[in-house]
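Hi there,

Here is the structure I promised to pass on to you. Please open it beside this email and follow along as you read.

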Amino acid sequence: MDYSNIFRLVNLAVGGLMILGGIGQFFPIGFQNVILGCYVIIFGAATLVLEFQIPPAVSRWAPFLFSFIGRGIFYIFVGSIVLHKPPIWIVAGSIIGIVGVGYVVLEYIPQIEPPQNMRDAGGEWGAEQI
């Protein structure tokens with residue numbers, strides 16, 4: 001069975017939650033909050049872009065985004081950043097983290113193949129081109 005559309009929708013939802021969580025990071029205004037908010041917004045935008053096109057730089061510098069376990073750990077990391085005081089951001093961060101845990105689990109279920117945009121890492125990873 002092809003789960004590509006389901007993975008696409010989940011990744012789009014997580015990217016949207018990251019952007020909203022990044023906006024929420026700005027408040028209360030503070031230097032650290034603004035920096036973290038900018039990073040989370042950039043991570044969310046990158047997640048959304050990866051669903052529609054794969055820039056060559058991403059496949060070279062962030063190949064972990066092309067496997068279930070790599071993307072899962074990335075989602076857990078960003079979800080932990082989004083977690084903070086207001087309950088809405090606790091819920092958003094928890095959803096991002098739970099999706100991340102789900103992706104890590106999917107790495108060990110051989111019957112479920114990653115969608116094409118998570119398999120296309122621009123060639124062989126781990127092998128440097130000379």
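A word to start with: two residues are in contact when heavy atoms of theirs lie within 4.5 Å. Keep in mind, too, that this is a predicted model.

Leaving aside neighbours within four places in sequence, Tyr 75 is in contact with Asn 11, Val 14, Met 18, Thr 47, Ile 96, Gly 97, Val 99, Gly 100 and Tyr 103. Tyr 75 also stands out in the largest nonpolar core, which has 21 residues: Tyr 75 and Met 18 are those with the most contacts inside it. The elements that give two or more residues to this core are H1, H2, H4 and H5.

**Helix H1**

Helix H1 covers residues 4–25.

The buried residues of H1 are Phe 7, Asn 11, Val 14, Gly 15, Met 18, Gly 21, Gly 22, Gly 24 and Gln 25. They pack against helix H2 (31–50), H4, helix H5 (87–106) and helix H6 (116–119). Here is a general point that helps when you look at such a list: an α-helix has 3.6 residues a turn, so residues three or four places apart point the same way.

Is Asn 11 buried or exposed? Asn 11 counts as buried because its relative accessible area is 0%, and buried means under 20%. The side chain of Asn 11 makes a polar contact with the side chain of Tyr 103, at 2.7 Å. Not counting residues up to four places away in sequence, Asn 11 touches Thr 47, Glu 51, Arg 71, Tyr 75, Tyr 103 and Met 118.

**From H1 to H2**

Pro 28 lies in the loop between H1 and H2. What kind of peptide bond joins Phe 27 and Pro 28? The bond is cis, with omega about -5°.

In helix H2 you will find Gly 44, which is buried with a relative accessible area of 0%. Gly 44 and Gly 16 are 28 residues apart in sequence, yet 6.4 Å apart in space, C-alpha to C-alpha. Gly 44 touches Gly 15, Met 18 and Ile 19, again without counting residues up to four places away in sequence.

**A pocket to look for**

The second largest pocket has a volume of about 160 Å³. Its lining includes Phe 43, Ala 46, Pro 55, Val 58, Phe 64 and Phe 74. H2 and H3 each supply at least two residues of this lining, and the largest share, 5 residues, comes from H2.

Ser 67 sits in the loop between helix H3 (56–61) and helix H4 (68–82). Ser 67 is buried because its relative accessible area, 12%, falls under 20%. A polar atom of the side chain of Ser 67 lies 3.0 Å from the backbone nitrogen of Gly 70.

H4 has 15 residues and reaches 21 Å from its first C-alpha to its last, close to the 21 Å expected at 1.5 Å a residue. Among its buried residues are Phe 68, Arg 71, Phe 74, Tyr 75 and Val 78. The buried residues of H4 pack against H1, H2, H5 and H6.

Phe 68 lies in H4 and is buried, with a relative accessible area of 2%. Which residues does Phe 68 touch, not counting residues up to four places away in sequence? They include Phe 7, Tyr 103, Ile 112, Pro 114, Pro 115 and Met 118. Phe 68 and Phe 52 are 16 residues apart in sequence and 18 Å apart in space, C-alpha to C-alpha.

**A residue in H5**

Ile 90 lies in helix H5. Its relative accessible area is 38%, and Ile 90 is partly exposed. Ile 90 touches Leu 83, His 84 and Lys 85, not counting residues up to four places away in sequence. Ile 90 and Gly 79 are 11 residues apart in sequence and 9.0 Å apart in space, C-alpha to C-alpha.

Enjoy looking around!

Best wishes

Note on methods
Residues numbered from 1 in each chain as written. Predicted model: local features only at pLDDT ≥ 70, side-chain atom pairs only at ≥ 80, totals over all residues. Heavy atoms only, no water. Helix = DSSP H or I, 4+ residues; strand = E, 2+ residues; numbered from the N terminus. Buried < 20%, exposed > 50% of the residue type's maximum accessible area, 1.4 Å probe, protein only. Polar contact = N/O pair within 3.5 Å; in protein donor to acceptor, adjacent residues only side chain to side chain. Expected span 1.5 Å × (residues − 1). Core = buried A, V, L, I, M, F, W, Y, C linked by side-chain atoms within 4.5 Å. 1 Å grid on protein atoms, 1.4 Å probe; cavity = no way out; pocket = protein on both sides within 12 Å on 5 of 7 lines; lining within 4 Å. Points joined across faces, edges and corners; volume = space filled by probe spheres on them.
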